[in-house]
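Here is a short report on one protein, written for a first look. Keep the sequence and the structure in view as you read.

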Amino acid sequence: METATKPNHIGRKISRIRELRGMKQETLAEGLGISQQAVSKIEQSETIEGDKLEQIAKVLGVTKESIEKFSDEAVLNIISNTFNDSSILNGINFQPNFNPLDKVLELYEEKEKLYERLLKAEKDKIEYLEKLLNK
């Protein structure tokens with residue numbers, strides 16, 4: 001028994017791209033000016049008209065050709081070939097280029113300076129109040 005899906009099922013490709021973009025059917029429907037049920041029907045369709053596909057691509061933020069040539073295998077290849085322990089994923093650097101201890105010391109020194117300024121401000125207040133009392 002073979003369960004392989006047809007490689008050029010445009011509706012499934014649209015569905016996968018939409019999911020990868022973190023978009024719900026309702027959002028896509030709103031962008032296209034149709035109902036969520038219509039989007040569901042599109043995602044079940046094996047083929048889609050060129051104009052409609054162009055509109056869908058625009059809402060998804062991709063090109064019509066990228067939908068037509070999309071494959072899960074390519075996405076997995078890209079992810080597996082670019083992700084490792086020292087990579088940057090979505091702008092998050094997993095290996096910081098600074099020493100965390102240096103940052104802690106820096107914060108400690110800033111805290112000390114702040115306390116010194118607060119202490120000086122309190123001393124100035126006391127001097128001012130003493131002058132007022134002595135008058």
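## Layout

This is a predicted model. The protein has 7 helices and 2 strands. Read from the N terminus, the order of elements is α-α-α-α-α-α-β-β-α. The protein has 135 residues, and 19% of them count as buried. It exposes about 11200 Å². Carbon and sulfur atoms supply 54% of that area. Contacts can also be sorted by distance along the sequence. Among contacts between residues at least 6 apart, 56% join residues at least 24 apart.

## The core

The largest nonpolar core has 16 residues. Six names stand out for touching the most other members: Ile-14, Leu-28, Ile-48, Ile-56, Leu-60 and Ile-67. The elements that give two or more residues to this core are α1 (10-20), α2 (25-32), α3 (36-44) and α4 (50-60). Of these, α4 gives the most, with 4 residues.

Take Ile-14 as an example. Leaving aside residues up to four places away in sequence, Ile-14 touches Leu-28, Ile-42, Glu-43, Ile-48, Leu-53, Ile-56, Leu-60 and Ile-67.

Ser-15 lies in helix α1. Is Ser-15 buried or exposed? Its relative accessibility is 14%, so Ser-15 counts as buried.

## Helix α2

Which residues of α2 are buried? They are Gln-25, Leu-28, Ala-29 and Leu-32. Seen down the axis of α2, these buried residues fall within an arc of 100°, so they line one face of the helix. Their cover includes α1, α3 and α4. After α2 comes Gly-33, whose phi is positive, near 75°.

## Salt bridges

The structure holds 4 salt bridges.

| Pair | Closest N and O atoms |
|---|---|
| Glu-19 and Arg-16 | 3.0 Å |
| Lys-120 and Asp-124 | 3.6 Å |
| Lys-125 and Glu-122 | 3.3 Å |

Glu-19 and Arg-16 both lie in helix α1. They are 3 residues apart, about one turn of the helix. Glu-19 has 42% relative accessibility and counts as partly exposed. Arg-16, at 31%, also counts as partly exposed.

Lys-120 is exposed, at 52% relative accessibility. Asp-124 is partly exposed, at 37%. Lys-125 is partly exposed, with a relative accessible area of 47%. Glu-122 is partly exposed at 42% relative accessibility.

## A surface patch

Which residues form a nonpolar patch on the surface? They are Leu-114, Tyr-115 and Leu-118. Together they have about 310 Å² of accessible area. Leu-118 is found in helix α7, which covers residues 100-134. At 47% relative accessibility, Leu-118 counts as partly exposed.

Key
Residues are numbered from 1 along each chain as its sequence is written. This is a predicted model: local features need pLDDT of at least 70, side-chain atom pairs count only at pLDDT 80 or more; totals for chains, interfaces and linings use all residues. Side-chain values use heavy atoms; hydrogens and water are left out. Buried means under 20% relative accessible area, exposed over 50%, partly exposed in between (1.4 Å probe, protein chains only). Contact means heavy atoms within 4.5 Å. Accessible areas come from the Shrake-Rupley method with a 1.4 Å probe; for residues, only the protein chains shown count as cover. A nonpolar core is a set of buried Ala, Val, Leu, Ile, Met, Phe, Trp, Tyr and Cys residues joined through side-chain atoms within 4.5 Å. The arc is that of the directions from the helix axis to the C-beta atoms. Patches are made of residues with over 30% relative accessible area and no salt bridge: like charges are joined within 9 Å, nonpolar side chains (Val, Leu, Ile, Met, Phe, Trp, Tyr) within 5 Å. A salt bridge is a side-chain nitrogen of Lys or Arg within 4 Å of a carboxyl oxygen of Asp or Glu.
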